[in-house]
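User: I have a model open here and would like to talk through it with you. Could we start with the overall picture and then go into some detail?

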Amino acid sequence: MSSEYLTPSKENNDVASATENKEGQSSAYKKETETLSKKQRKKLMRHQKWEEERNLRKQKRKEKRQKRSLERKNQGEEGGEFVGRKRLRKEVTTSSPLRLVIDCSFDNLMMFKDVRKLHKQIQRCYSVNRRAAHPVQFYLTSLGGQLKQNMDKTDEGWVNWKDITVKTEAYHELMAKEELVYLTSDSPNVLTELDETKAYVIGGLVDHNHHKGITFKRAQELGIDHAQLPLNSFVKMNSRKVLAVNHVFEIMLVYLEKGNWQEAFFTVLPLRKGAMPLGQKGTATEDEEEEESDRDSDTAETVTPNTTGNKQDQQ
């Protein structure tokens with residue numbers, strides 16, 4: 001018998017075989033699903049539905065991109081300014097002559113994990129100052145050791161930061177002692193207003209209360225003025241009174257803008273610190289003290305360097 005008569009029979013066999021395989025797979029799938037729990041079957045059905053709608057989701061994303069592209073094009077034709085995803089810096093009214101200094105001379109007193117937290121807090125300070133209504137003259141002094149190593153390793157772009165002065169020397173070697181005021185919660189002096197001819201120093205230390213009073217002692221040894229923020233005059237704190245570096249920095253910035261200490265405190269202080277107006281009761285406890293610095297650092301914003309800008313003053 002010739003092969004031309006065998007072909008149809010072979011095709012029929014192939015079709016039959018494919019049908020049997022399909023039925024077998026269907027039967028196996030049905031048997032498999034019957035052995036699954038109700039929760040597992042629901043999960044399987046959701047996965048199948050997700051797979052079936054994959055192309056639909058892809059099409060919706062494409063349409064969304066095209067719509068955004070068209071909106072940008074129309075905005076450009078109308079002469080409007082397209083902002084996009086980039087967060088614009090606040091329009092600066094006037095720069096303040098006031099100097100805020102972060103004293104980085106406590107590097108050898110911190111564990112490396114705390115040095116990393118300090119780095120994040122410094123990043124936050126730089127970021128908020130760049131967007132502030134009245135940006136201050138920002139200084140980092142005594143930079144070196146673990147902190148600089150961590151900055152070089154994890155944030156190489158910091159060398160391109162703008163509107164900041166970075167020095168290896170100590171603040172008291174760069175500025176006249178009569179111009180300096182060390183901000184420390186242990187000082188008996190209370191800061192009532194800011195003097196823009198002064199340089200206010202913030203201790204760059206994350207220590208979880210392991211070195212209490214060290215910044216106050218440092219100011220006394222150097223014979224420079226010292227003061228604490230008027231926290232007790234406006235705020236009841238149920239947790240510790242020592243603030244993170246970036247909190248002090250931001251409070252000073254807000255005060256320069258608003259001219260009101262209470263508004264500055266309640267704009268900046270996180271709710272977890274139990275900050276409340278005097279006379280109200282809070283619920284925060286001392287148990288949170290060891291965790292505060294961790295969470296303060298985690299809120300630090302990633303700084304995108306301007307690689308085309310001029311490098312700051314460094315030595």
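User: What share of the residues count as buried?
Analyst: Keeping in mind that this is a predicted model, 39% of the 315 residues of the chain count as buried.

User: And how many helices and strands are there?
Analyst: The chain has 11 helices and eight strands in its secondary structure.

User: What about the accessible surface of the chain?
Analyst: That surface comes to about 19600 Å², and carbon and sulfur atoms account for 47% of it.

User: OK, on to the aromatics: how many pairs does the structure hold?
Analyst: There are six aromatic pairs in the structure, and one of them is formed by Trp261 and Phe265, whose rings are stacked at 5.9 Å centre to centre with 25° between the planes. That angle counts as stacked because the planes are under 30 degrees apart.

User: Where do Trp261 and Phe265 sit in relation to each other along the helix?
Analyst: Both belong to helix 10, which covers residues 261-268, and because they are four residues apart there, about one helical turn separates them.

User: Which residues do ring pairs link into a cluster with them?
Analyst: Ring pairs link Phe234 and Tyr255 into a cluster together with Trp261 and Phe265.

Technical notes:
Residues are numbered from 1 along each chain as its sequence is written. This is a predicted model: local features need pLDDT of at least 70, side-chain atom pairs count only at pLDDT 80 or more; totals for chains, interfaces and linings use all residues. Side-chain values use heavy atoms; hydrogens and water are left out. Rings of Phe, Tyr and Trp (its six-membered ring) pair if their centres lie within 6.5 Å; planes under 30 degrees apart count as stacked, over 60 as edge-to-face and the rest as tilted. Helices (H or I, at least four residues) and strands (E, at least two) are DSSP runs, numbered from the N terminus. Buried means under 20% relative accessible area, exposed over 50%, partly exposed in between (1.4 Å probe, protein chains only). Accessible areas come from the Shrake-Rupley method with a 1.4 Å probe; for residues, only the protein chains shown count as cover.
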